[in-house]
Each structure stands twice: as structure tokens, then as C-alpha cells.
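This report describes one protein chain for a reader who is new to structural analysis. Please keep the sequence and the three-dimensional view at hand while reading.

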Amino acid sequence: MKHIMGLLKGLLLPLGAVAVLLFFATALDSLDSGREDESLHQLEEALRRGCVACYAAEGIYPPTLDYLTEHYGIQIDTARYTVDYTPIASNLMPDITVLRN
């Protein structure tokens, strides 16, 4: 019986360490996911602000995504994001969708 108790005590320390490591890894993964979501949201907001700035300066919304990035300094990390930019009319805000690759 003493032998079994000794074995259990010997296993508790490694199991506790594994539990702490799993908790830490889960927390880091959650933090990274939150950062990705925020980055995606910031890109979408930057695209919308660029469209509004173009409309205010030129009286039309940007006709293409390339026009918006070239003339209004917006940078898109195409390795991380895909942007669907669909112009509707020169006087209506384009439909903008940002997706994570």
C-alpha cells in the first residue's frame, strides 16, 4: 500500500506540470486568435476609411481595390488576407469583405 501511495505521489508532480503546460498553450493560442481577429477588423476598417476619404476628396468611391491601395496608401498582406471589393456605383459605398487565408 505504501508503495502505491509513493507511486501516486511521484506521478502527481509530472501530471501537474503537464496540466500547467496545456493551460499555458491554450491561453497562448487564444491570445493569438484574438490578435488575428483584431488585425482583420483593422484592415477592413482601413479600407472603409480609405473609401470615405476618396469620396470626400474626389466625389466618387474608388472604382477598384488597386485604385484604393495605390492612391490612399492602404497596404494589404495578401499572404494573410483576401479582400473581396465589389463596387456598386460611384456614389455608393463598395461592398468590402476581408477573409483570412
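A residue is called buried when its relative accessible area is under 20%, exposed when it is over 50%, and partly exposed in between. Tyr55, at 33% relative accessibility, therefore counts as partly exposed. The model discussed here is a predicted one.

## Overall layout

The chain contains two helices and two strands, and along the sequence they follow the pattern α-α-β-β. Of the 101 residues in the chain, 17% are buried. The accessible surface of the chain is about 7,400 Å², and carbon and sulfur atoms account for 64% of that area. Among the contacts with a separation of 6 or more, 44% are between residues 24 or more positions apart. The pair His41 and Val98 shows how sequence and space can be compared: these residues are 57 residues apart in sequence, while their C-alpha atoms are 8.2 Å apart in space. His41 belongs to helix 1, and its relative accessibility of 41% is the reason why His41 counts as partly exposed.

## The nonpolar core

The largest nonpolar core consists of 13 residues, and those with the most contacts inside it include Leu43, Leu47, Leu68, Val83, Tyr85, Ile96 and Val98. At least two residues of this core come from each of helix 1 (2-58), helix 2 (65-72), strand 1 (81-86) and strand 2 (95-100). Helix 1 supplies the largest share, four residues. Ile96 can be examined in detail: leaving aside residues up to four places away in sequence, Ile96 touches Glu44, Leu47, Arg48, Cys51, Val83, Asp84 and Tyr85.

## The paired strands

How do strand 1 and strand 2 run, and how many bridges join them? The two strands run antiparallel, and six bridges join them. Within this pairing, Asp84 stands opposite Thr97 of strand 2. The side chains of strand 1 alternate between two faces.

## Cysteines and aromatic rings

The structure holds zero disulfides. A disulfide requires the two sulfur atoms to lie within 2.5 Å. Cys51 counts as buried because its relative accessibility is 0%, and Cys54 counts as buried because its relative accessibility is 0%.

A search of the whole structure finds one aromatic pair. The ring centres of Tyr55 and Tyr61 are 4.5 Å apart and the ring planes meet at 20°, so this pair is stacked. Planes under 30 degrees apart count as stacked. Tyr61 is buried, with a relative accessible area of 14%, whereas Tyr55 is partly exposed at 33%.

The table below collects the accessibility of the residues discussed individually.

| Residue | Relative accessibility | Class |
|---|---|---|
| His41 | 41% | partly exposed |
| Cys51 | 0% | buried |
| Cys54 | 0% | buried |
| Tyr55 | 33% | partly exposed |
| Tyr61 | 14% | buried |

Notes: Residues are numbered from 1 along each chain as its sequence is written. This is a predicted model: local features need pLDDT of at least 70, side-chain atom pairs count only at pLDDT 80 or more; totals for chains, interfaces and linings use all residues. Side-chain values use heavy atoms; hydrogens and water are left out. A nonpolar core is a set of buried Ala, Val, Leu, Ile, Met, Phe, Trp, Tyr and Cys residues joined through side-chain atoms within 4.5 Å. Buried means under 20% relative accessible area, exposed over 50%, partly exposed in between (1.4 Å probe, protein chains only). Contact means heavy atoms within 4.5 Å. Accessible areas come from the Shrake-Rupley method with a 1.4 Å probe; for residues, only the protein chains shown count as cover. Two strands pair if DSSP finds at least two bridges between them. Rings of Phe, Tyr and Trp (its six-membered ring) pair if their centres lie within 6.5 Å; planes under 30 degrees apart count as stacked, over 60 as edge-to-face and the rest as tilted.
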